[in-house]
Amino acid sequence: MADPQEESKPLLSRVRGGSGRDRPEGVPACRSVQVGPGSTARRDLCLDQAVVFIEDAIQYRSINHRMDASSLWLYRWYYSSLCQCTADVRYRPVPWEPPCGLTEGLEALCLLVFAADVSVKSYLVGWAQFRKNPWLLAYLMVLVVSLMDWIVSLSLVCHEPLRVRRPLRPFFLMQNSSMMKKTLKCIRRSLPEMASVGLLLAIHLCLFTMFGMLLFTSEKQDAGQDKERLTYFRNLPEALTSLLVLLTTANNPDVMIPAYSKNRAYAIFFIAFTLIGSLFLMNLLTAIIYNQFRGYLMKSLQTSLLRRRLGTRAAYKVLSSVTAAGEAHPEGVGVKPQDFLHVLQKVQLDGDHKQAIMEKVRSHGGDLLSADEFQKLFDEFDKRVIKEPPLRPEYRSPFLRSAQFVFSHRYFDYLGNFMALGNLVTICVFLVLDADVPPEDRDDFVLGILNFVFILYYLLELLLKVLALGLRGYLAHPSNVFDGLLTVVLLVLEISTLAVYRFPHPGWKPEMLGLLSLWDMTRLVNMLLVFRFLRIIPSMKLMAVVASTIMDLIKNMRAFGGILVVVYYVFAIVGISLFRGVVVAPGNSSLAPVNGSAPCGSFEQLEYWANNFDDFAAALVTLWNVMVVNNWQVFLDAFRRYAGPWSKVYFVLWWLVSSVIWVNLFLALILENFLHKWDRRSHLQSLTGDSEATSQMTVELLFRDVLEEPTEEELMEKLSHHPHLQLCR
């Protein structure tokens with residue numbers, strides 16, 4: 001135990017003593033700071049150390065950290081307000097306000113780009129088509145309003161009370177996405193049906209609210225009734241809010257407990273309300289949305305097919321007219337292959353698809369391409385080009401050829417997956433065994449040895465696969481690239497660990513020199529090995545169907561994700577305009593009691609201070625927490641007290657848009673896509689017996705046999721009404 005007199009000595013006086021062996025590691029000595037060539041630097045270092053010690057004392061931080069100049073800079077930067085940013089109103093520093101004209105200048109550049117975009121589009125489609133397109137008209141209107149609001153901002157030196165253009169910004173994202181436009185159109189069509197269910201929900205909510213007010217506000221009340229009234233049914237707005245939250249089951253069974261504890265018959269009221277509202281009407285709303293969007297994917301693919309057929313038929317008509325003008329062939333007989341190859345060279349298309357189409361054209365020889373042959377060439381666009389793997393190296397030695405066969409076999413991959421599983425199991429086992437052992441008392445000797453062995457195996461596996469497949473063949477498989485990168489990272493970390501902590505020995509415990517030790521980083525990277533097992537999925541037929549369906553869903557759900565981003569942005573901007581600064585730190589307002597005096601389960605007692613609308617990032621997180629609807633009654637109550645009872649309208653609207661409409665829409669679309677793709681893939685596999693072939697199809701080709709091909713008369717009618725198409729004659 002240290003001597004008390006020694007502990008009472010000043011820190012620097014202890015450092016001066018002896019030869020420096022008593023000096024804490026990492027703390028440079030400050031003796032003789034006033035003489036010598038480096039006296040100024042040493043003096044500055046001591047001053048910086050003093051600054052950091054004072055900051056540690058003010059913030060109640062430990063002083064056991066590195067004290068050299070570079071570490072002091074990193075330490076102060078890490079604990080600066082820039083890095084330790086928080087949305088908590090109790091600890092948040094004053095936000096930085098950019099000078100007027102900085103963000104407005106960037107915004108002006110964006111508006112100029114949009115102005116150029118709408119000008120080019122209006123010129124290309126023509127004024128007649130421009131006037132018939134509501135999206136282009138809205139594009140022009142939103143741009144004009146944004147420019148006018150931008151001018152107002154500059155004229156008021158950025159002190160305007162409201163910026164109209166902020167909620168309009170997501171429009172620029174939506175108008176450039178055809179899928180988002182189609183989704184919004186379907187949502188608009190489904191609104192009347194959703195409104196009918198919403199009316200039933202409102203009637204259900206109002207009816208049970210009146211029942212509750214009669215049950216819990218009578219003259220003769222027991223203790224349970226009185227507590228129920230004071231807590232949840234004090235007045236009509238409170239009762240409506242309580243049952244609305246119960247509709248989402250967020251406050252179940254809390255809202256029922258006071259009355260139920262005194263008389264179990266009261267449970268009938270709350271169970272009936274939940275059965276009718278949550279389990280019947282809310283699921284009915286999901287069914288209505290699903291019914292409205294049923295066939296949405298088919299309609300979208302049908303429209304896409306029509307547009308492709310129109311484009312290819314227009315190209316055929318143009319090229320056939322060139323053929324008719326140059327030779328004595330009647331118009332529409334066909335297209336010269338050399339003309340098509342010349343055009344194809346200028347088409348912006350990836351090289352693999354272009355090469356596949358060119359090979360098919362050359363196989364026709366010099367014969368003219370008919371309309372059907374011309375059309376079939378473009379079916380190559382729907383196919384995913386499967387690249388041939390690079391040739392494996394050829395070895396003369398029989399031993400090397402045998403080794404090449406063994407190490408390129410799938411069983412060798414199975415062995416690698418088994419070793420990775422063993423690595424993960426060992427890490428998990430030692431995490432469980434060391435859960436109750438303090439970190440300073442743990443012995444990582446056995447785990448360190450095992451980790452060293454596993455990394456050696458991964459390195460050996462990498463080298464053997466490169467030997468068997470060649471470097472290009474090894475890199476041709478994404479799974480090998482992932483394994484190789486992971487192996488290299490693990491190897492670097494292991495070498496660094498051995499260099500810093502030496503080879504594992506009994507009692508070996510790597511010390512933490514920063515946020516994480518090299519040893520902890522190695523174990524964290526080891527956990528990424530779990531992704532190696534994803535390669536097993538394609539070998540399992542049912543899992544392959546599920547995995548490929550999920551991947552297709554992700555690719556085709558981008559439009560709905562974009563709509564969610566737009567909705568989040570608009571509500572965040574509106575929330576900032578309405579509630580910025582209303583949540584104040586405890587002690588700064590009578591509405592913000594300290595945590596000790598706040599009621600249990602309240603905004604203050606739960607320390608939800610970081611949930612506010614004081615900046616954009618905090619607003620997004622707050623909206624997410626309300627969207628999940630867990631404890632969202634806490635937000636309703638807090639903002640009612642801080643901003644006023646009208647704030648409930650904002651949060652209820654957000655719940656309706658996000659949790660009711662968008663989540664149900666997303667669920668309906670997942671069901672529609674998944675059921676269609678599951679049935680189609682199962683049907684195709686039963687016919688072909690080749691799951692690999694069907695997995696290489698795009699969504700359009702997968703549903704091609706259920707889509708209706710446009711008729712010749714329909715195509716020609718569309719082309720005849722084209723306002724700008726003039727065939728070469």
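C100 is partly exposed, with a relative accessible area of 39%; partly exposed means between the limits for buried (under 20% relative accessible area) and exposed (over 50%), taken with a 1.4 Å probe on protein chains only. This is a predicted model, in which local features need pLDDT of at least 70 and side-chain atom pairs count only at pLDDT 80 or more, while totals for chains, interfaces and linings use all residues. Residues are numbered from 1 along each chain as its sequence is written, and side-chain values use heavy atoms, with hydrogens and water left out. Helices are DSSP runs of H or I with at least four residues, numbered from the N terminus.

**Cysteines and the disulfide**

- The structure has one disulfide, a term for a pair of cysteine sulfur atoms within 2.5 Å.
- C100 and C158 form the disulfide, with an S to S distance of 2.0 Å.
- The disulfide is right-handed, because the torsion about the S-S bond of C100 and C158 is about 70°.
- Distant parts of the chain are linked by this pair, which is 58 residues apart: C100 sits in the loop between α4 (69-78) and α5 (102-125), and C158 in the loop between α7 (134-155) and α8 (165-168).
- Two other cysteines are also partly exposed: C206 has a relative accessible area of 39%, and C428 has 38%.

**Nonpolar cores**

- A nonpolar core is a set of buried Ala, Val, Leu, Ile, Met, Phe, Trp, Tyr and Cys residues joined through side-chain atoms within 4.5 Å.
- The largest core has 84 residues, and F233 and W632 have the most contacts inside it.
- Helix α25 (residues 558-579) supplies the largest share of this core, eleven residues.
- Another core, of 13 residues, lies apart from it and includes L319, V335, V361 and F374.
- Beyond four places in sequence, F233 touches G212, M213, F216, T217, E228, A239, L243, F269 and F270; contact means heavy atoms within 4.5 Å.

- Helix α20 (residues 410-433) has 24 residues, which should span 34 Å at 1.5 Å a residue, and its end C-alpha atoms are 35 Å apart, which agrees; the expected span is 1.5 Å times one less than the number of residues.
- The buried residues in α20 include F412, G416, N417, A420 and N423.
- L424, T426, I427 and F430 are also buried in α20.
- L460 lies in helix α21 (residues 445-475) and is partly exposed at 45% relative accessibility.

- S146 is in helix α7 and is buried, with a relative accessible area of 2%.
- The S146 side chain reaches the backbone oxygen of V142 at 2.8 Å.
- F171 belongs to helix α9 (residues 170-174) and counts as buried at 13% relative accessibility.
- With neighbours within four places in sequence left aside, F171 contacts W135, A138, Y139 and V142.
- F171 and V566 are 395 residues apart along the chain, yet their C-alpha atoms are separated by 8.1 Å.

- N611 is in the loop between α25 and α26 (616-628) and is buried, with a relative accessible area of 9%.
- The side chains of N611 and N625 make a polar contact at 2.6 Å; a polar contact is a pair of N or O atoms within 3.5 Å, where within protein one must be able to donate a hydrogen and the other to accept it, and residues adjacent in sequence count only if both atoms are side-chain atoms.
- Besides neighbours within four places in sequence, N611 is in contact with V583, F603, T622, N625, F635 and F639.
- The structure holds 37 aromatic pairs, in which rings of Phe, Tyr and Trp (its six-membered ring) have centres within 6.5 Å, with planes under 30 degrees apart counted as stacked, over 60 as edge-to-face and the rest as tilted.
- F579 and F639 are an edge-to-face pair, because their ring centres are 5.3 Å apart and their planes are at 65°.
- This pair ties together parts that are 60 residues apart in sequence, because F579 lies in helix α25 and F639 in helix α27 (residues 632-642).
- Both F579 and F639 are buried.
- F603 and Y608 also form an edge-to-face pair, with 6.1 Å centre to centre and 85° between the planes.
- F603 is buried, with a relative accessible area of 0%.
- One aromatic cluster is formed by Y568, F571, F579, F613, F639, W646, Y650, F651 and W654.

Methods
Helices (H or I, at least four residues) and strands (E, at least two) are DSSP runs, numbered from the N terminus.
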